[in-house]
Amino acid sequence: MYVYVYLDMRTIDFVISEKDNNKRIRDFLRDFGVSSSLLTKLKNTENGIILNGKFARTIDIIHCGDILTVSIENSGTMPRPLVNNQVKKIYSDEDILVLDKPAMMPVHESRNHQGDTLANVAACYMDSDTAFRSVYRLDRDTSGLVLIAKNELAACKLAGKIKKDYYAVCGGILTGRGTIERPIKRTSDSIIKRCVSDDGEKAVTRWEALKNDGENTLLKIHLETGRTHQIRVHFSHIGHPLLGDTLYGGKCDRIKRQALHCKTIYFTHPVTEKPMRIDSTFPSDFSLLLKGLI
């Protein structure tokens, strides 16, 4: 596979191997992870699909040794760049960007947050003619890694396929490992707060207790589902709210926001298809909290 990058286009060359001999172009691209909507856009883009240097249709047949070229147009507009950006860029290539989001920063712009979000940070590192495509969100008060797709192919291939290691400090003592499998829904009296409820959506949280200081416990957490506030709601439900989480009953004497950090992400690169692992460090307030625990 050969890759080229132009200002307004992401162009990828595939050298067809024996295993894909005699496939239709559309089947090859769908097998690679191209969505039906992106395939339609490629068909309607001038020189969107080229086979051995010539225009090709999605029904055309490819053979071993052929070079199939797809050109994905950048679309959308980035928010304006953040003034005095100090957010750390952890990794970047032609297809993805990974930022280390600080606590107290929303991911997306909203009515109450204009110019101060992670989307504005991404604008400092990306083309202004590319839409902001965050593969997943973190709560405003949660710190850690956020993966951003730089084009539509990366976005559709990565969606729902990122494994994340979260670290949290909860009140009380937990030991060993466990699973919390309780459905979650929004409370009737709030547009923000969630609760465990039998008529909610399925939510599964797996946890491992790493250390405790006799009062609080450091946890490593993996989510099998991605419900809003899932970690916070589940640990509050079992009587161990995260420290600093005022919304769900956590104590705030040692940290002023929920003690939750997305430290490591694992995924398959959307173009090279190589396994990726990216790590971050704990922010200063979380590190201070961990003294005595690790």
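Two strands are said to pair if DSSP finds at least two bridges between them, and the strands and helices named here are DSSP runs numbered from the N terminus, with at least two residues (E) for a strand and at least four (H or I) for a helix. This is a predicted model, in which local features need pLDDT of at least 70 and side-chain atom pairs count only at pLDDT 80 or more, while totals for chains, interfaces and linings use all residues. Residues are numbered from 1 along each chain as its sequence is written, and side-chain values use heavy atoms, with hydrogens and water left out.

Strand β9 (residues 143-149) is joined by two bridges to strand β16 (residues 260-268), and these two run parallel; here Ser143 has His261 in β16 as its bridge partner. Strand β7 (residues 96-101) runs antiparallel to β9 and is joined to it by six bridges, with Asp100 standing opposite Leu145 in β9. Strand β8 (residues 133-134) is also antiparallel to β9, through two bridges, and Arg133 has Ala149 in β9 as its bridge partner. Strand β9 is mostly covered, since seven of its seven residues are buried, where buried means under 20% relative accessible area, exposed means over 50% and partly exposed lies in between (1.4 Å probe, protein chains only).

## Aromatic rings

A search of the whole structure finds four aromatic pairs, a pair being rings of Phe, Tyr or Trp (its six-membered ring) with centres within 6.5 Å, called stacked if the planes are under 30 degrees apart, edge-to-face if over 60 and tilted for the rest. One of them joins Phe14 and Phe28 edge-to-face, at 5.3 Å centre to centre and with 80° between the planes. This pair links distant parts of the chain, as Phe14 belongs to strand β2 (residues 9-15) and Phe28 to helix α1 (residues 25-32), 14 residues apart. Phe14 counts as buried because its relative accessibility is 5%, and Phe28 is buried as well, with a relative accessible area of 9%.

Another pair, formed by Phe282 and Phe286, is stacked, with 4.9 Å centre to centre and 10° between the planes; Phe286 counts as buried at 0% relative accessibility.

## Ring cluster and charges

Ring pairs link Phe14, Phe28 and Phe32 into a cluster. The charged end of Lys157 sits over the ring of Phe32, 3.6 Å from its centre, a description that requires NZ of Lys or CZ of Arg to be within 6 Å of the ring centre and within 35 degrees of the ring normal. In the stacked pair, the ring of Phe282 has the charged end of Lys263 over it, 5.4 Å from the ring centre.

## Helices

The axes of α1 and helix α2 (residues 36-43) come within 10 Å and cross at roughly 135°, which makes α1 oblique to α2. Such axes are lines fitted to C-alpha atoms, for helices over the stretch in contact, with angles from 0 to 180 degrees between N-to-C directions; those under 35 degrees count as roughly parallel, those over 145 as roughly antiparallel, 65 to 115 as roughly perpendicular and the rest as oblique.

Helix α5 (residues 230-237) is mostly covered, with six of its eight residues buried, namely Gln230, Ile231, Arg232, Val233, His234 and Phe235. After α5 comes Gly239, whose phi is positive, near 90°.
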